[in-house]
Amino acid sequence: MISPLRAVARPAAVLVGLIVAAGSVAGCTKTDSTDGGSLLGQLRDEGTVTVGFAGEAPYSFEQDGQLVGATMALHREIFKNLGIENVEGVSTDFGALIPGLQARRFDVVSAGMSILPQRCEQAAFSEPEFNYTTALMVPKGNPEGLTDMQSVKDSGVRMAAMTGAIESDYAQSLGIDAMQVASPQDGMDAIASGRADVFALTGISLNWLAKNNPQVPVEVTESFVANINGVPQVGAGGTVFRTEDVELRDAYNEELAKITSDKDKYLSIVGPFGFTEQELPDPNLTTATLCEGAN
């Protein structure tokens, strides 16, 4: 997500280590800065950063034993510029990412996670990396003519949403009793099997899912900015850090700004994963503003 805090379903996460420089699989890496040392300095000394990811394409996911996606591409560029050559990953359900970060199972969260006030109380976010909008996955032909969240409510159809996702929050705010699913794949399966009539998620994720599963009889509506109680839900996602790792977050933000301020460079990194100028962060939409709950 730009996509949103999701399901705690599997207590044991699968380690998928990708050493960026060599492209090989690696083992578990401890992340411990509790001794008062600098995590940034420790990561530079070790040459490796461990990221938690939730397997949501096209943000960060595993493909052929390697970590790929737009967020991973940004991390490879930024951490390399910070003197950290290798990136390893721990696969975790979306809802377990911030708890896993707090428990020091990894150093940062790489998931394009939406910057929301309740999350800002638990962790520190980078400046926005992606703007996001919502879309709906529906059966081929869109038989109910759904266009946005209000149309879902008005139609009374069965909606699926990722557990803990921002779209799940939208549903709750509108009084929609949404079926909870653990992953984008589960959401698409619910539509294909007829267990749900619509699956709401970020447009970039749903379009990637549909494009890469052409055999499944679903389609994706035009993306939209959700309007909840008269308030447009403009949002953005970023990388997540522990609140005490300010030095690492600030150094990351410095490198991120060099990318997001250069449209061509930004698109050269994230464009291969379906991201366009539409996802380029709005410079007026800051993490401080989003953490305050302002749109």
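## Disulfide

C120 and C291 form a disulfide, with their sulfur atoms 2.0 Å apart. The model is predicted. A search of the whole structure finds one disulfide. The torsion about the S-S bond of C120 and C291 is about -70 degrees, so the disulfide is left-handed.

The pair ties together distant parts of the chain. C120 sits in helix 4 (residues 117–120), and C291 sits in helix 11 (residues 287–291). They are 171 residues apart. The two cysteines fall into separate accessibility classes. C120 has 18% relative accessibility and counts as buried. C291 has 24% relative accessibility and counts as partly exposed. The cut-off for buried is under 20% relative accessible area.

## Nonpolar cores

Nonpolar side chains tend to be buried together in soluble globular proteins. Here the largest nonpolar core has 37 residues. V49, F79, F130, L248, V270 and F275 touch the most other members. Helix 2 gives the most, with six residues.

A second, separate core has 21 residues. Among them are M149, V157, A171 and A200.

Not counting residues up to four places away in sequence, V49 touches L43, F79, I84, N86, V87, E88, D107 and V108. One of these, F79, is also listed with V49 among the residues of the largest core that touch the most other members.

## Helix 9 with helix 1

Two packed helices are described by the angle between their axes and the distance between the axes. For helix 1 and helix 9, the axes come within 7 Å and cross at roughly 70 degrees. That makes helix 1 roughly perpendicular to helix 9.

Helix 1 makes the contact with L39, L40 and L43. Helix 9 makes it with E247, L248 and A251. By class, the contact has five nonpolar residues, no polar residues and one charged residue. L43 of this contact is also touched by V49. L248 of this contact is named among the residues of the largest core that touch the most other members.

## Helix 9 with helix 10

Helix 9 (residues 246–260) also packs with helix 10 (residues 263–270). Their axes come within 6 Å and cross at roughly 100 degrees. Helix 9 and helix 10 are therefore roughly perpendicular to each other.

K258, I259 and T260 of helix 9 make the contact with K265, Y266 and I269 of helix 10. This contact has three nonpolar residues, one polar residue and two charged residues.

Helix 10 also holds D264. D264 is exposed, with a relative accessible area of 58%. The C-alpha atoms of D264 and E277 are separated by 9.2 Å. These two residues are 13 residues apart along the chain.

## A buried arginine

R242 lies in the loop between strand 16 (235–241) and helix 9. Its relative accessibility is 3%, so R242 counts as buried.

The C-alpha atoms of R242 and D107 are separated by 7.9 Å. Along the chain, the two are 135 residues apart. D107 is also one of the residues that V49 touches.

## Backbone details

A cis peptide bond joins A57 and P58, with omega about 5 degrees. P58 is in the loop between strand 2 and strand 3 (61–63).

D64 has a phi of about 55 degrees, and N142 has a phi of about 45 degrees. D64 lies in the loop between strand 3 and strand 4. N142 lies in the loop between strand 9 (134–139) and helix 5 (149–155). Their accessibility classes are opposite. D64 has 78% relative accessibility and counts as exposed. N142 has 16% relative accessibility and counts as buried.

Terms used: Residues numbered from 1 in each chain as written. Predicted model: local features only at pLDDT ≥ 70, side-chain atom pairs only at ≥ 80, totals over all residues. Heavy atoms only, no water. Axes fitted to C-alpha atoms, helices over the stretch in contact; angles between N-to-C directions. Helix = DSSP H or I, 4+ residues; strand = E, 2+ residues; numbered from the N terminus. Parallel < 35°, antiparallel > 145°, perpendicular 65-115°, else oblique. Contact = heavy atoms within 4.5 Å. Nonpolar A, V, L, I, M, F, W, Y, C, P; charged D, E, K, R; others polar. Core = buried A, V, L, I, M, F, W, Y, C linked by side-chain atoms within 4.5 Å. Buried < 20%, exposed > 50% of the residue type's maximum accessible area, 1.4 Å probe, protein only. Disulfide = S-S within 2.5 Å.
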